[in-house]
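Here is a short tour of a protein model, written to be read with the structure open beside you. Take a look first, and then we can go through it piece by piece.

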Amino acid sequence: MSDIVFKIAPSILAADFGCLAENVLAAQAAGADLIHIDIMDGRFVPNITMGPMVVEAVAKVATIPLDVHLMIVEPEKFVQRFADSGAATISVHVEACRHLHRALAQIAAAGCGAGVALNPHTPASAISEVMDMVRLINVMTVNPGFGGQQFINSTLSKIRNLRGLIDSIGADIDIEVDGGINSATIGAALSAGATVAIAGTCVFQHEAGIAAGIAELRRAARELHGED
């Protein structure tokens, strides 16, 4: 079988913030491809998490790209700050952007890969007119705002629709799946066309440790492709 083309992006939302640097370095050493950072403002979602200072702190220790997910209203006001803090990619929600095209252009102008995120109820067609501007699409497979939720199976059809759209235009765009990802759900997400698995709880809170959590996800993906 050919190599599996997918990436693992541990979400630090589930990390131990008392030893955040150690958690990030452990995930990196275990083979993580990206570090995912969820920014929540208590307005777009019912939770408040972290800001540019945390991104900057992670950037000081991580040598893999930082994938910053803005679950905030008026994200265009903060794009440059997160870019300056060390973000490699920045995703904004279509539901939070009145002028999505402008926000994506702003991200690119700040030197970051532009991403767009879709809540579970938002159809793939909502971003059909900006596909030429994005490097990644974050498909929320839970309702945004909290970690540890159950994967919403109905989002698989959206992933398949997005994969078909991407392939039809010959674009190089990652599809991220974000929420409820573990060894039991990663297979369906990859089969539907996802290329990046964002995983928090099953990595940072795995009973055998961070490396074991990442290894379990890799093993589940290999099994999907019939590899030993």
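Buried means under 20% relative accessible area, exposed means over 50%, and partly exposed lies in between (1.4 Å probe, protein chains only). This is a predicted model, in which local features need pLDDT of at least 70 and side-chain atom pairs count only at pLDDT 80 or more, while totals for chains, interfaces and linings use all residues. Residues are numbered from 1 along each chain as its sequence is written, and side-chain values use heavy atoms, with hydrogens and water left out.

**The sheet**

Let us begin with the sheet. Helices (H or I, at least four residues) and strands (E, at least two) are DSSP runs, numbered from the N terminus, and two strands pair if DSSP finds at least two bridges between them. Eight strands build an open sheet with parallel pairing, in the order β1-β8-β7-β6-β5-β4-β3-β2. At its edges are β1 and β2 (35–40), each of which pairs on one side only. From one strand to the next, the twist averages 25°; axes here are lines fitted to C-alpha atoms, for helices over the stretch in contact, and angles run from 0 to 180 degrees between N-to-C directions.

Helix α5 (residues 155–169) packs on this sheet and touches β5 (113–118), β6 (136–140) and β7. Contact means heavy atoms within 4.5 Å. The direction of α5 makes about 165° with that of β6.

The partner of β2 is β3, in a parallel pairing over six bridges, and Asp38 stands opposite His69 in β3. Between β2 and β3 the chain passes through helix α2 (residues 52–61), a β-α-β crossover that is right-handed. Right-handed means that, with the strands pointing away from the viewer, the path from the first strand over the helix to the second runs clockwise.

**Around β8**

Now move to strand β8 (residues 196–199). Val196 and Ile198 point one way from β8 and Ala197 and Ala199 the other, and all are buried. Strand β1 (residues 7–10) pairs with β8 in the parallel sense over four bridges, with Lys7 opposite Val196. Strand β7 (residues 174–178) pairs with β8 too, again in the parallel sense, over three bridges, and here Val177 stands opposite Ala197. Together β7, helix α6 (residues 186–192) and β8 make a right-handed β-α-β unit.

Thr195 sits in the loop between α6 and β8. What does the side chain of Thr195 make a polar contact with? Its partner is the side chain of Asp174, at 2.7 Å. A polar contact is a pair of N or O atoms within 3.5 Å; within protein, one must be able to donate a hydrogen and the other to accept it, and residues adjacent in sequence count only if both atoms are side-chain atoms. Leaving aside neighbours within four places in sequence, Thr195 is in contact with Val5, Phe6, Lys7, Arg163, Asp174 and Ile175.

**Burial, residue by residue**

Here are some individual residues with their relative accessibility.

| Residue | Relative accessibility | Class |
|---|---|---|
| Ser91 | 1% | buried |
| Thr195 | 13% | buried |
| Cys202 | 16% | buried |
| Cys19 | 24% | partly exposed |
| Glu74 | 34% | partly exposed |
| Ser154 | 55% | exposed |

Ser91 belongs to strand β4 (residues 89–93). Not counting residues up to four places away in sequence, Ser91 touches Asp67, Val68, His69, Leu70, Gly115, Val116 and Leu136.

Glu74 is in the loop between β3 (66–71) and α3 (79–85). Phi of Glu74 is near 50°, a positive value in a residue other than glycine.

Ser154 lies in the loop between β6 and α5. Ser154 and Gly31 are 123 residues apart in sequence and 30 Å apart in space, C-alpha to C-alpha.

**The cysteines**

How many disulfides does a search of the whole structure find? The search finds zero, where a disulfide is a pair of cysteine sulfur atoms within 2.5 Å. For Cys202, the closest cysteine sulfur is that of Cys19, and the 18 Å between them is too far for a bond.
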